[in-house]
Amino acid sequence: MLGIACDPLEHTSMYERGSEDSEDSDGEGGLGNVSRVIIRPPGQSGKAKRGHLCFDAAFETGNLGKAELVGEFEYDLFLRPDTCNPRFRFWFNFTVDNVKQDQRVLFNIVNLSKSRNLFASGLTPLVKSSSRPKWQRMSKRQVFFYRSAMHQGHYVLSFAFIFEKEEDVYQFALAWPYSYSRLQSYLNVIDARQGTDKRFTRCVLIKSLQNRNVDLLTIDQVTHKQRSTNRLDRSFIRVIVIVCRTHSSEAPASHVCQGLIEFLVGNHPIAAVLRENFVFKIVPMANPDGVFLGNNRCNLMGQDMNRNWHLASEFTQPELHAIRGMLKELDNSDVSAGLWTHLLLPLQTYQIDFVIDLHANSSMHGCFVYGNTYEDVYRYERHLVFPRLFASNAPDYVAEHTMFNADDRKAGSLRRFSCERLSDTVNAYTLEVSMAGHFLRDGKTVALYNEDGYYRVGRNLARTLLQYYRFINILPVPLVPEVRGKRRGRLRNQHSRSRSKTRYEVKPRPKTPRCHAPISYNNLSICYDSGGGGGGSSDEGGFSPVRPLAPGSSSFSGCRNYRRAATATCPAAHDQYSSFSLGALKTGSDHGGAVGQGKRSARVTIEVPLPVNVPPKPYLSIIDLNQLTRGSLKLKSNSFDAADRR
């Protein structure tokens, strides 16, 4: 049953169990993974009760070697190392069932081999259940990564969890799993979907050691007529090679590759241009055995796939040997004979422009590129163009993590092998994407990736390739009228008006020293006398203005002048607010207050051409609030009362 993969939430084990094993057997399955292991409290035996957790990792991409109960609700979990290699222990994927409702547990993964990771920077395990089949990240408050003195100073990943339903099966994983079976299902779907419009061809490049397919997708939609008129004029056909999943635990790289394939075989205009001008050779899973077995980094033989490109053997690493032969065949363009003739088009000259190796990174955020260094300055400058263009297209790109080197320790990697063994025209890169997330524009907040986020990285890769070939004048840059002519939808004059995106910033008020305003009260205080046409006083007041107070008099006397003379008249004062000449107003009053009080009287000579009736006007007084304090207000109130008593 090693070739059959099922959903780990629906099956019990991928290994056949003998008839002598009971339902609650504690026996482990093959390859070191636990298979339906039930953990009982000390002193208990017999049939398992509800709440005795049952651990299982004997399924595709599963990894869990051992589980121990160390407390009332605490479990120590040990990851299984890669097959034939005990060095690498980081990937985990297991299920738990036979739980009790609202049961609380604490899982400790105690044998991680990589202490430099993102668990302290936002990376948390994923969990799903039978009733909630969508993967969800656990809360940061429930995940802890620390150095434990109880475990000989090793780093421990602990996460707390509460089981909600008894009948559910819960699955925990490091990242979104992408299995070999899922890839085969996806390739079958898109192969059947294309119909008569063949946009790509699928073939088996080689068989793995466990007889699994290493698929090769060739995306090329150029007819023979277009080849003779367009490409042969340039004397060669440009090829872009994409290799993915050389490390089995880097499942996010497969999501990026699926996003790239989905975009290239789709109906987007950019994809059509790329298909009509370039050939894509995509190996979506270079290590199918390691992926199926749930290894962290190695293949079935325990060898790191990305450190043996220069030493690949057809007996121990047939996948690398086949891909390396394909690269050499394309680079030499010797298609008339050889083992790889059936993979290429006959009698054509090819040039490899890109060799891109897709990986996932567990120690840094965002996506970034690793490149090579060259002694040739012109080749090195050409090598820098693609990462810069990719940074402009991908908002999650982190330029600080981009690195170009010729490290001897990476001599066996694909990018180093390609730049040393292939032609000088080859640009070889390693595209890394984080298992956790990427920084937002503020540079501090981390947004965690999901499957759609990884698909977006693949689409950005395709857009960057188009921009690169336009930058080096291989593809023409469309003119502005052509771009506008291809727009769909309503005409420009039929679109609804939208508000301008420009927002006016509110400038802060300048910091000026607060000082008293130089306001003069002279000629501002106006008092009104009764005179509403007859000599009789009225509460509603037929008041008319007189000239302002003389210097030396109280400036507030015009506000509250309750001692108005009942017989005082000032009919000519209406001209002060009329459109007639004000020069005819003459007064003999020596006081600007009430007129007609005591011996004081005012003689006014007025020359009025026409009689004007003016409605009564209120009292007016201007007060400087900057100078008005609590003490001055009280002082003025006392002065008003004293004036009233007089």
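Before reading any element names I noted the convention: helices (H or I, at least four residues) and strands (E, at least two) are DSSP runs, numbered from the N terminus. I also noted that this is a predicted model, in which local features need pLDDT of at least 70 and side-chain atom pairs count only at pLDDT 80 or more, while totals for chains, interfaces and linings use all residues. Residues are numbered from 1 along each chain as its sequence is written, and side-chain values use heavy atoms, with hydrogens and water left out.

**Entry 1: the annotated glutamate.** I looked up Glu432, which an unreviewed UniProt entry lists for "active site"; UniProt positions are given in the numbering used here, feature names are shortened, and annotations may be inferred rather than shown by experiment. Glutamate 432 sits in strand E19 (residues 427-434). I found glutamate 432 to have a relative accessible area of 9%, so the residue is buried (buried means under 20% relative accessible area, exposed over 50%, partly exposed in between, with a 1.4 Å probe and protein chains only). Beyond neighbours within four places in sequence, glutamate 432 is in contact (heavy atoms within 4.5 Å) with His359, Ala360, Asn361, Gly366, Cys367, Phe368 and Tyr370.

**Entry 2: confidence.** I checked pLDDT, the predictor's confidence in each residue from 0 to 100, and found a chain mean of 78, with 65% of the residues at 70 or more. Confidence is highest in strand E11 (residues 170-173), at a mean of 98, and lowest in strand E24 (residues 586-587), at 41. Residues 1-5 stay under 50, and for them the model has ten contacts beyond four places in sequence.

**Entry 3: the whole chain.** I counted twelve helices and 25 strands in the protein chain, and buried residues make up 48% of its 646 residues. Among contacts with a separation of 6 or more, 70% join residues 24 or more positions apart.

**Entry 4: strand E13.** I then followed the pairing (two strands pair if DSSP finds at least two bridges between them): strand E12 (residues 200-207) runs antiparallel to E13 over seven bridges, with isoleucine 206 as the bridge partner of valine 214. The E12-E13 hairpin has five residues between the strands, and asparagine 211 there takes a positive phi near 65°. E13 is also joined by three bridges to strand E15 (residues 279-283), again in the antiparallel sense, and isoleucine 219 stands opposite phenylalanine 280 in E15.

**Entry 5: serine 248.** I located serine 248 in the loop between strand E14 (237-244) and helix H3 (251-264), and its relative accessible area of 3% is why the residue counts as buried. A polar atom of the serine 248 side chain lies 2.6 Å from the backbone oxygen of asparagine 295. Leaving aside neighbours within four places in sequence, serine 248 is in contact with residues including Asn287, Gly290, Val291, Asn295 and Cys298.

**Entry 6: valine 37.** I placed valine 37 in strand E1 (residues 37-38), where its relative accessibility of 11% makes the residue buried. Its C-alpha atom is separated by 6.4 Å from that of aspartate 56, 19 residues apart along the chain.

Definitions and conventions
Polar contact = N/O pair within 3.5 Å; in protein donor to acceptor, adjacent residues only side chain to side chain.
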